[in-house]
Each structure stands twice: as structure tokens, then as C-alpha cells.
Amino acid sequence: MGKIVGGFLVPHDPVMFVAPEAPAEDVRKRMWGAYDACAERLAGLNATSAVIIGADHYFNFGTGCLPQYLIGTGDVDGPLDVLPGLKRQIIPASEKLAGFIADHGYANGFDWAVARAFTVDHAVAIPDRLIIDPVRARGQSIGTIPVYIAAGVDPFIKMKRAIELGGAIKAAVEAMPDDERVVVIGSGGISHWVGTPEMGKVNEAFDREIMDYACTGNLAGIGGLSDEYILENGGNGGMEIRQWAVAMGAMPGARGEVIDYAPVPEWVTGLGFVQLFA
Amino acid sequence: MSRNVLEKLMHQLCVDRTVKQRFKEDPEGLLARYALSDEERAMVTGFDVAAMQKHGVNAMLTLGFWTENAPNRHPAAYMKALRGVASEGQAFSAGLKQ
């Protein structure tokens, strides 16, 4: 039987790679160190697979096809958008479990779009590289399963559906005959404005509200936020709390702990790192 | 209203090297392939990202379009075009593709 053994909610800020020296030294050391802390904690979970939930940035998908939610069931590599210090590479996948999650969804009301050979963008590549790769380097074999949800491009997935999607992932993992130990990683947020006139603004109050929902397992709280509220207070990038909602939905009742947080206008984002305990 | 066509073009101008090259060499020829109004064509050739956003184009696309195609790709130039005021020196500029 498979089980979800833990979760992480982390940012995927490309600006950290583009302008690594921009913030004050103590801040940037803390933020890079938060990824190291996630990796250290992941190593202790003895995971076999990691489901990383990201959002399309109008990059992987164009106007011809905009899936509400998609799972990579085959080969994975990335990122599509290479960055300084983040070159494209093959990402070890977990194809059997990914295919099982898709099939389980089809039988239970979740019609996943699938990517059978998928080049992920930075939304999945950053947490994979900074959190999972260091654990692989220690000798643990962890396969990545990319999930993309519509949080960057409208029509946006509904918050309620995002939480339900997490539940579908949980149900599939628990129905998996193999002894998979699965970690879910909600990748995105928290407040940031991407490409809009407000770019560079960070809203710490909003960020702390979202982290509080995560730490208290408050699915009703995060699920009850309207798109208007999120856009006003968290920016268009704040819509990525949907990825947090998916991860939280996969771990109902789980409590969380803030590993670190900083509002970093130099990196145009409120950077929050939370661990969810199974 | 052809926001969708504009977004299609913007997406291609972000990710498709061939389309980007054609835009650089023959913008009018490229744009003739898209069902855009004169006003919309002017937004594209004039890099009027503010007008495009008011038209409903996704801000990630206007940012990508600018950083991949504008004569001056510097983030401060994008913000100036977007805000209509000088914005050099703002912290956000560190974050955009040089």
C-alpha cells in the first residue's frame, strides 16, 4: 500500500537564479538555506516518489490547449526555461505511480490530461533540483511526478477543485498496491505580481494568512478565498496558492510548520517554506 | 475583440524561435497571418504592453514578449512602458531576464 509521508510548500522563484545577489546577504542565505532545510527534512522521510504541483506560466501550454490539471506519466526533463545555475537535465520519474494516479482518477471522476514525455518549467524544476536532487545524491532513489494546474492562465482551476484534486492524489496513492512512500510538494506563491504594474510589491499580511491556513490544516480557510481577494492581495502570482491547496488537499488534517519566510521585493516575491506533517 | 489571437501571437513570440525571427525581420508580414485589428497590430509593433494588458492579455505574456523581443529588453524599460513613468532603480528590476 502506498502512503503519503509528508509534504512541503515552497516557492519556485526564478529571480533567485537570475539575480542571486540582489537581496541583503542574511536574507538570501536564509532563503537558499530554507531549500537545504527542506532537503534535509525530506531525507528523513525515506520517500520513493515526489508529486510536485506547479502552475503553467503561459509557457508550457499555449492558447491551443490549456488544461485544468495535468500529470506527467512518462519521461520528465527540464526546465524548459533554463536559468543561470539551472540547466536542463533528465529528471528521474516515477512512471508507474504517475500512470496509476491518472488511471485511478479516470475511474473516480478526475479526467487528467497527461504528458507522456514532458519538459517541465521552473515551477517543478526548482524544487526538484533544490530539494530532491540533494537527497538523490545521498543515494535515495526518488522519482518525480509533475502535476500542473491552471493557476497562471485563465480559466483558473477553482480552489475547491484544487483541494479535491489533492484528495484524488491521496486516494490513488493509498490504492497503489506497491509500498510507495510519497511526498507532495506544492510549488508556488506566495504573494507576487508578475509582469503587472505592481511588480515588486510583496504583501506580508497575505503571505502570513496563507501560511497560517497551511500550518493549521485549514482547508476551508484557503478554499474559501475568492479569486478577487487573491488577485487583490496576493497578485496574479498569488493565484499559485492553488498548488498549496492541492498539497494540503492531499494531506487533510495535517499540521504544518513554517521552515522560513521572508518578504523579498528584490526577488519580487514573498518566499514561504512550510513542511506538512503526515 | 481578438484577445485570444493576441495571446496566441504573444505566446509564439515567447517560445518559438522561428516566429521571433520572422517578427524581427518582417513584422508586418508576420502579423498579416493573424486576425488582428489595426489597433492591435499597432500594440504589437509598438510594444505597447500597457495597452495589451488593458485589452486583457495575460501579464506573463506581455513580460515574456518584451524580454524576448523588445529593442531594449531591460526590465526597467518594460516597467516604464507599462507604467508610463520612469521606474529605473526599483528593486523589481533585479528579477527580470536581462
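Residues are numbered from 1 along each chain as its sequence is written, and chains are lettered from A in the order in which they are written. Because the model is predicted, local features need pLDDT of at least 70 and side-chain atom pairs count only at pLDDT 80 or more, while totals for chains, interfaces and linings use all residues.

**View 1. Chain B is built from helices.** Here you'll find seven helices and zero strands (DSSP runs numbered from the N terminus; helices are H or I with at least four residues, strands are E with at least two). Of the 98 residues in chain B, 36% are buried (20 or more other C-beta atoms within 10 Å of the residue's own, with C-beta atoms placed from the backbone).

**View 2. Helices H1 and H6 of chain B cross.** H1(B) covers residues 3-15 and H6(B) residues 59-69; their axes come within 8 Å and cross at roughly 45° (axes are lines fitted to C-alpha atoms, for helices over the stretch in contact, with angles from 0 to 180 degrees between N-to-C directions). Among the residues making the contact are B:Met10 of H1(B) and B:Phe65 of H6(B) (contact: C-beta atoms, placed from the backbone, within 7 Å).

**View 3. Chain B touches chain A.** This contact takes 21 residues from chain B and 22 from chain A. H1, H6 and H7 (75-83) of chain B each supply at least two residues of the side that touches chain A. H1(B) gives the most, with six residues.

Definitions and conventions:
Two residues are in contact if their C-beta atoms, placed from the backbone, lie within 7 Å. A residue is buried if 20 or more other C-beta atoms lie within 10 Å of its own, exposed if 12 or fewer, and partly exposed in between; C-beta atoms are placed from the backbone.
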